[in-house]
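I begin with how the copies are arranged and then turn to individual side-chain pairs.

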Number of protein chains: 2
Amino acid sequence: MNSSRPGGRSARVKAAVHQALLDELVEKPYGRIGIESVAARAGVHKTSVYRRWATLETLFAEVAEELAVREVPVPDTGSLVGDLRTVMRSSVRLFKDPYGAAISRVLVAESDHSPALAEMSQRHWERGVANLRPVFARARARGELGPEPTDERLVEALWAPLYLRRLVNRKPLTYAYVDTVIADVLG
Amino acid sequence: MNSSRPGGRSARVKAAVHQALLDELVEKPYGRIGIESVAARAGVHKTSVYRRWATLETLFAEVAEELAVREVPVPDTGSLVGDLRTVMRSSVRLFKDPYGAAISRVLVAESDHSPALAEMSQRHWERGVANLRPVFARARARGELGPEPTDERLVEALWAPLYLRRLVNRKPLTYAYVDTVIADVLG
């Protein structure tokens, strides 16, 4: 209970505030959330929250970043289809997770008006592409894939339909759909 | 100035309120818009707005519906690539239009918490697919396309990358990109 000990009070406040924001995000649109409602939910005085996170955007960016960094490492199953299936299924699970679903929606909702969140959306995307480069490099070395399409184009063609179902047409996001998309894109 | 005449005062109020909401949507996140800010911007007394649109969501749904219905009719250029290029370029223009961009973002942002807007998102999508069926039917009759993939899957594969660039990775949405997507999907 020593407030200066690392992992002590400060870490507990951070964890409580992060969790409170995630719960608020699941329950209501971003526009109806404020630092004060998050503080109340976390059981922390609002001045403690303002001291650490000057704006809701700063807090949201930190929480979104932590969730993104927790992404699974890319597997090496021995085949391109096997590798893609594993990573895309993990994206499906993240979209179905209430917190992951909320983060993806809020990034879309707020990025038009927030340069910081727009930049974060792009950074998340680039990190995802970078993460997948070894998968495509191994597939090319095994002769499963030619030099075209590029890694960038492949990731767009593979992941765009998942985002579409999550965010736009709201159709079922299933593992069977993942397999259909992989088969269509790899031809 | 007879308020009971069709196309008179009532139509002018509607037009002013619709335009005011569109301008608000471009300027700020949905959560910071209210019936009162829309009424003030439209120069209409707030009770006149509340009488006609009980909630912001009702008003937003009406405006989004009007924009969706204004979509261009599907062309018959004589080739599948020609038809798709025309319709997809028109989607790109709609996404780049500040009002179209705002509507697409708000539908994503609010649909998780609004069954009415979720239903509208799905309805817009189905209408888009229905709109394109004649394009695919003509292409199949000309032998440009086999029975697979289905119309539904083709529309997802073609439009998902446009939504992805508009909403998620925020990369440039160009006519050249439309051509790349068409070439990749039609193989």
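Which of the residues of chain B comes closest to the rotation axis?

1. Symmetry. It is Gly31(B), whose C-alpha lies at 2.0 Å from the rotation axis. Please keep in mind that this is a predicted model. Chain B is superposed on chain A by a rotation of 180° with 0.0 Å of shift along its axis, and the RMSD is 0.0 Å. The two copies are thus related as by a two-fold rotation axis. Of the interface residues of chain B, 100% are also interface residues in chain A, so the copies meet through the same surface.

2. Extent of the interface. On the side of chain B, 36 residues are in contact with 36 residues of chain A, and the two chains bury about 3200 Å² between them, with 56% of that area on carbon and sulfur atoms. Three residues, His113(B), Arg153(B) and Arg170(B), supply 20% of the area that chain B buries against chain A, which is more than any other three residues supply.

3. Between chain B and chain A the count is 12 salt bridges, and 21 residue pairs are in polar contact across the interface, with both residues at pLDDT 80 or more. On chain B, at least two residues of the side that touches chain A come from each of helix 1 (9-27), helix 6 (98-111), helix 7 (115-141), helix 8 (151-168) and helix 9 (175-186). Helix 8 of chain B gives the most to this side, with 10 residues. Sorted by class, the side of chain B that touches chain A has 16 nonpolar, 7 polar and 13 charged residues.

4. Two salt bridges between the chains. The side chains of Arg165(B) and Glu156(A) meet in a salt bridge, at 2.9 Å from N to O. Arg165(B) belongs to helix 8 of chain B and Glu156(A) to helix 8 of chain A, so this pair joins two chains. Both partners count as buried, Arg165(B) at 14% relative accessibility and Glu156(A) with a relative accessible area of 2%. Another salt bridge is formed by the side chains of Lys171(A) and Glu126(B), at 2.8 Å from N to O.

5. Salt bridges within a chain. Over all chains the count comes to 42 salt bridges. In chain B, the side chains of Glu24(B) and Arg41(B) meet in one of them, at 2.7 Å from N to O. Glu24(B) lies in helix 1 and Arg41(B) in helix 2 (residues 35-42), so the pair ties together parts that are 17 residues apart in sequence. Glu24(B) is buried, with a relative accessible area of 3%, whereas Arg41(B) is partly exposed, at 34%. In chain A, salt bridges that share partners join Glu24(A), Glu27(A), Lys28(A) and Arg41(A) into one network. Within it, Glu24(A) and Lys28(A) meet at 2.9 Å from N to O; Glu24(A) is buried, with a relative accessible area of 4%, while Lys28(A) counts as partly exposed at 21%.

6. The surroundings of Asp151(A). This residue is found in helix 8 (residues 151-168) of chain A, and at 11% relative accessibility Asp151(A) counts as buried. Leaving aside neighbours within four places in sequence, Asp151(A) is in contact with Arg133(A), Phe136(A) and Arg140(A). With Arg140(A), the side chain of Asp151(A) makes a polar contact of 2.7 Å.

How values were computed:
Residues are numbered from 1 along each chain as its sequence is written. Chains are lettered from A and ligands numbered from 1 in the order in which they are written. This is a predicted model: local features need pLDDT of at least 70, side-chain atom pairs count only at pLDDT 80 or more; totals for chains, interfaces and linings use all residues. Side-chain values use heavy atoms; hydrogens and water are left out. Contact means heavy atoms within 4.5 Å. Buried area is the accessible area (1.4 Å probe) that two parts lose on being put together, summed over both. A salt bridge is a side-chain nitrogen of Lys or Arg within 4 Å of a carboxyl oxygen of Asp or Glu. A polar contact is a pair of N or O atoms within 3.5 Å; within protein, one must be able to donate a hydrogen and the other to accept it, and residues adjacent in sequence count only if both atoms are side-chain atoms. Helices (H or I, at least four residues) and strands (E, at least two) are DSSP runs, numbered from the N terminus. Ala, Val, Leu, Ile, Met, Phe, Trp, Tyr, Cys and Pro count as nonpolar, Asp, Glu, Lys and Arg as charged, and the others, Gly among them, as polar. Copies are superposed by least squares on the C-alpha atoms of residues with pLDDT of at least 70 in both. Buried means under 20% relative accessible area, exposed over 50%, partly exposed in between (1.4 Å probe, protein chains only).
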